[in-house]
Amino acid sequence: MKQQLLELFQRRFACHQFQADRPIAAADLTYLLEAGRLSPSSFGLEQWKFVVLTTSGDKRALQAACFNQPQVGSAGAVVVILAKLADMDPDSDYVRRLLAREYPGEQFEGALKNYRGFHAATDVKAWSATQCHIAAANMMTAATAAGLDSCAIGGFDPAEVRRQLDIDPIRFEPALILAFGYCATGGGEKQRLPLQDLVEYR
Ligand SMILES: Cc1cc2nc3c(=O)[nH]c(=O)nc-3n(C[C@H](O)[C@H](O)[C@H](O)COP(=O)(O)O)c2cc1C
């Protein structure tokens, strides 16, 4: 298990061109979304919403909003991860419901007070999007486990994505786009800095 997980990390690579429109089995798509759903999040507030596009027309239109990156149009499925904004308000029903679940009974009022202070001092859009990136990482690892390839797409025009998907900007901000499918090419050699350049033990 330990070794298998590292092998998945080794094997995943950013695919820049998928086998055009080769579909992803519904069960595999659900598996990826499940990996996103089970991800950890700040205060347990599950800041993500997943919008799934599978039709050629939708994917090709979205490609135009992603500086025409071909992996978007050729993917079997594209998942646009939206970061929740309005729901993160400390007075929203959503926060009350999820905080009460995370901090039941007597803990609730203290947790809400703590969250209120945190929320007031935080760039909510950036913070919410950060949680979406955690879900994205898990989904890409899950894709590798399911025999699929993936590419994270941060290069997009948010206003254009909002327009195409008819997103309410008060409620959501596009955080990251994930393209999934079967890559038309293999991955190159993994390029990473060695651990000794990255780690400082104290
Ligand atoms: C948040 C994020 C945004 C990214 N955006 C893009 C993108 O817009 N287009 C692209 O081709 N790759 C994108 N990538 C993929 C990276 O370029 C790639 O992961 C990195 O170069 C390492 O290569 P590897 O994933 O093949 O190991 C993105 C990756 C992340 C994590």
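**Entry 1**

I began with R202, which counts as exposed at 88% relative accessibility; exposed means over 50% relative accessible area, buried under 20%, and partly exposed in between, with a 1.4 Å probe and protein chains only. The model I consulted is predicted, so local features need pLDDT of at least 70 and side-chain atom pairs pLDDT 80 or more, while totals for chains, interfaces and linings use all residues. Residues are numbered from 1 along each chain as its sequence is written, and side-chain values use heavy atoms, without hydrogens and water.

Which residue forms a salt bridge with R202? I found E200, with the closest N and O atoms 2.6 Å apart. A salt bridge is a side-chain nitrogen of Lys or Arg within 4 Å of a carboxyl oxygen of Asp or Glu. E200 is exposed, its relative accessible area being 57%. Side chains of opposite charge can pair when their charged atoms come close.

**Entry 2: further salt bridges**

I noted 8 salt bridges in the structure. One of them joins the side chains of R37 and E34, at 2.7 Å from N to O. Both residues lie in helix α2 (residues 26–37), 3 residues apart, about one turn of the helix; helices (H or I, at least four residues) and strands (E, at least two) are DSSP runs, numbered from the N terminus. R37 is partly exposed at 47%, and E34 is partly exposed at 30%.

I then looked up K125 and E173, whose side chains meet in a salt bridge of 3.9 Å, N to O. K125 belongs to helix α7 (residues 124–145) and E173 to strand β4 (residues 172–181), so this pair ties together parts 48 residues apart in sequence. Is E173 buried or exposed? E173 counts as buried, at 12% relative accessibility, whereas K125 is partly exposed at 44%. I also recorded that K125, R162 and E173 are linked in a network of salt bridges.

**Entry 3: the ligand**

How many residues surround the ligand? I recorded 15, the closest being R12, A14, Q69, A152 and G154; a residue is near a molecule if one of its heavy atoms lies within 4 Å of it. Strand β3 (residues 149–153) gives the most to this shell, with 3 residues.

A backbone N or O atom of G154 lies 2.8 Å from a ligand nitrogen. Polar side-chain atoms of H16 and K190 lie 3.1 Å and 3.0 Å, respectively, from an oxygen atom of the ligand.

Note on methods. Polar contact = N/O pair within 3.5 Å; in protein donor to acceptor, adjacent residues only side chain to side chain.
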